[in-house]
Amino acid sequence: MWQKDKDHFIHPFTDFSVFHEEGCELITDSDGIYVEDSRGNRFIDGIAGLWCVNVGHGRAEIGQAMADQATRMAYFSTFNNLSNAPAAELSAKLAELAPSHLNHVFYSCGGSTANDATIRLVHYYFNRLGKPNKKRIISRNNAYHGTTYLAATLTGIESNNWAFDTLDHLVTHLSEANCYRRPEGMSEAEYCDHLVEEFEDTVAEIGADNIAAFIAEPIMGAGGVLVAPTGYHKRMQAVCRANEILYIADEVVTGFGRLGHFFASEAVFETQPDIINCAKGLSSGYAPLGATLISDEIYEVLGTPQGKGGVLSTGFTYSGHPVSCAAALKSIEIIEREAICENVREVGPYLERQLKTLGHHATVGNVRGSHFMMCLENVADKDTKALLPVEARVGDRIAFEAQKRGLIIRPVGHLNVISPTLIWTRETVDTAVAILDEALSAATESLQRDGFL
Ligand code: PMP
């Protein structure tokens, strides 16, 4: 199996020079907070698969719901007025869980396709309103919105796109909100003013008549778990409102409990997005699924009122896939039944506090995030915040040492992300933080040995 994989599977986001030498690691089994590899090693999953297995692994009832649906009716089109029961039920459930003005759902296959489909719908919306010049989307540096062509253009992580092309005429990137690396001498409140002013200046420069939407993750995920200054999102939304710019919240990571609520936009950040995108935790990763939750106001224009009518000529073969929707319905049922959002609200602050105790390690410059979305930023010098050279592979070293001790965390360049399944208890936190403590000591030693520290 290892050889077949090495010879034929092109892995996403994988360093080929390393892969050609080492091949893959096969993850074969899973249960609750654990996953197991093909050699029988068991690990605590500190990244919920890839920020997605929110209800934890090995949920037989989700498997059963999918099997029941697959054997009864695995697939049929949802084009041309056709539908299926899980898609209809899930749509109503999402409308119930989302902020009250978001009552309409467009389905896709994951986060990238949700974002891609959203931008097409936004353009369609303005075209139908008779404002065809409103096309530009405002995103942010270090944002992650996916890897389909348009979603990759929205993404602002330079290292992702360095050798790919992007659709630059459609997207403008603002600065990311990075409190740790904000300009010297600026308070957090002043930094917030500065970021909002940058947005206002950009709108003035491009012209509101040419801008369709602003898209933002409530907490930037893959770009480094960046928590914006207090009030930032609300103020960015106010700029949107003043300029007829739609506010799109990419809740692919923050949705479905990771910050202690089904959706973070309204409950945590006091914003009322025109559109919320979700994927990942929507089905807890048991099946591919993405969804765009659309406001009543936008739906009025997309739908048939105002005498406009017309076919909405976009959608995927798998929009509203019955098996994926059945998985999502069961996952949501579990989140509600087991009070998983409440668990995150209870255990999340404890995880934050315990991770902050690791700040004494030589490399740990910043511990940040919120609830079950956390990150360590590793540096060479805590005062200057200078980074270690890329060859030191500090994130990889720490992740490797943690994995040796039974915990999987994610290296992202010089960062380490911790985004667990949402069923961790305080005891799991204690075990994970003890492992990380040892891993950080071991990584520091190896960095010293290799002359990087
Ligand atoms: N948006 C955000 C915020 C994400 O974190 C991701 C994936 N990590 C995506 C979109 C893309 O989702 P997918 O990989 O399912 O296409």
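Analyst: A term to start with: two strands are said to pair if DSSP finds at least two bridges between them. In this model, which is predicted, strand 4 (residues 102–108) and strand 12 pair in the antiparallel sense over six bridges.

User: Which residue of strand 12 does His104 stand opposite?

Analyst: His104 stands opposite Ile294 in strand 12.

User: And how many bridges join strand 11 to strand 12?

Analyst: Strand 11 (residues 275–278) is joined to strand 12 by four bridges, and these two run antiparallel; within that pairing, Cys278 has Ala291 of strand 12 as its bridge partner.

User: Is strand 12 largely enclosed or exposed, and why?

Analyst: Strand 12 (residues 290–295) has six of its six residues buried, so it is largely enclosed by the rest of the structure.

User: Which residues point which way from it?

Analyst: Gly290, Thr292 and Ile294 point one way from strand 12, while Ala291, Leu293 and Ser295 point the other way, and all are buried. In a regular strand the side chains alternate between the two faces of the sheet.

User: New topic: what surrounds the ligand?

Analyst: The ligand is surrounded by 14 residues, of which the closest are Gly110, Gly111, Ser112, Gly146 and Val252. By type, the shell divides into five nonpolar, seven polar and two charged residues, and its largest share, three residues, comes from helix 6 (residues 111–128).

User: How many helices and strands are there in the protein?

Analyst: The protein has 16 helices and 17 strands, and buried residues make up 47% of its 453 residues.

Key. Residues numbered from 1 in each chain as written. Predicted model: local features only at pLDDT ≥ 70, side-chain atom pairs only at ≥ 80, totals over all residues. Near = placed C-beta within 6 Å. Nonpolar A, V, L, I, M, F, W, Y, C, P; charged D, E, K, R; others polar. Buried ≥ 20, exposed ≤ 12 C-beta atoms within 10 Å, placed from the backbone.
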